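Please look over the sequence and the structure shown below.

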Amino acid sequence: MAQHQDDEDTPETRLARLILALRSQGVSDPAVLNAIETTPRPLFTQDLFKDRAFEDSALPIACGQTISQPFIVGLMTQALQVDKRDRVLEIGTGSGYQTTILSKLSRLVYTVERYRTLMREAEARFKSLGLTNVITRFGDGGAGWPEQAPFDKIMVTAAAPGEPKALLDQLKPNGVLVAPIGKGPVQTLKRYTGDGAGGFTVEAMTDVRFVPLLDGVAKEL
Ligand code: SAH
């Protein structure tokens with residue numbers, strides 16, 4: 001019966017269905033779709049939610065955080081227009097799922113997380129996947145990573161209350177930054193594209209729900 005089909009499907013079928021769903025919602029860049037298809041999302045989810053890893057939904061991870069919805073990961077990655085030569089800064093490592101996808105599309109990914117536990121778990125996943133172009137840092141990503149700036153691309157995966165000035169300052173003149181912007185439970189996904197002369201074009205893409213970008217590092221593990 002149709003309603004039982006999901007449970008009986010193989011992981012391959014579920015993944016194929018997820019990719020089709022992303023395509024139908026406008027994620028069309030073949031490189032982005034390929035990076036998603038070759039990144040095993042169950043590796044990034046908690047045991048309790050592994051059977052839901054190929055659903056197009058956000059899921060809880062440790063420290064009260066979430067792994068983003070695959071469609072949003074696809075949309076944000078596509079919007080960032082990552083090039084194989086790019087050095088990318090990601091704020092909010094979380095599970096490391098988005099980091100892994102970025103690592104497949106770029107030269108180097110610098111990723112910052114304010115929870116030590118999440119950082120360590122993500123590092124173990126990068127190791128198990130054999131990723132050699134991800135550099136992690138435990139810290140407050142709101143300040144970016146000045147020592148490694150400027151970056152070709154910056155992705156923020158936690159909601160910034162307003163324009164992320166410190167991060168925009170660390171972007172190359174023609175760089176792109178994608179971030180959820182807003183203080184409430186629903187934010188606007190925005191893309192800032194450098195005009196080469198210190199200014200930016202700002203595009204509002206869609207409504208999203210991200211956990212907030214918080215100040216400082218977490219006192220808890
Ligand atoms: N990209 C992640 C989504 C993580 S959710 C994934 O694919 O799983 C957002 C993450 O941002 C959380 O892990 C949260 O702890 C982190 N975060 C929030 N504020 C931060 C800050 N100021 N600096 C670094 N990380 C931050």
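**Salt bridges in the predicted model**

A search of the whole structure finds nine salt bridges. The model is predicted. Side chains of opposite charge can pair when their charged atoms come close.

**Asp9 and Arg17**

- A salt bridge joins the side chains of Asp9 and Arg17, with an N to O distance of 2.3 Å.
- Asp9 counts as buried because its relative accessibility is 16%, under the 20% cut-off.
- Arg17 has 38% relative accessibility and counts as partly exposed.

**A pair within helix 6**

- Glu121 and Arg125 form a salt bridge through their side chains, at 3.9 Å from N to O.
- Helix 6 (residues 116–128) holds both Glu121 and Arg125, which sit four residues apart, about one turn of the helix.
- Glu121 is partly exposed, at 31% relative accessibility.
- Arg125 has a relative accessible area of 14%, so this residue is buried, the limit being under 20%.

**A pair between strands 8 and 9**

- In the salt bridge between Arg191 and Glu203, the closest N and O atoms are 3.0 Å apart.
- Arg191 belongs to strand 8 (residues 187–194) and Glu203 to strand 9 (residues 200–208), so this pair ties together parts that are 12 residues apart in sequence.
- The relative accessible area of Arg191 is 16%, and the residue is buried.
- Glu203 is partly exposed, with a relative accessible area of 30%.

Note on methods:
Residues numbered from 1 in each chain as written. Predicted model: local features only at pLDDT ≥ 70, side-chain atom pairs only at ≥ 80, totals over all residues. Heavy atoms only, no water. Salt bridge = Lys/Arg side-chain N within 4 Å of Asp/Glu carboxyl O. Buried < 20%, exposed > 50% of the residue type's maximum accessible area, 1.4 Å probe, protein only. Helix = DSSP H or I, 4+ residues; strand = E, 2+ residues; numbered from the N terminus.
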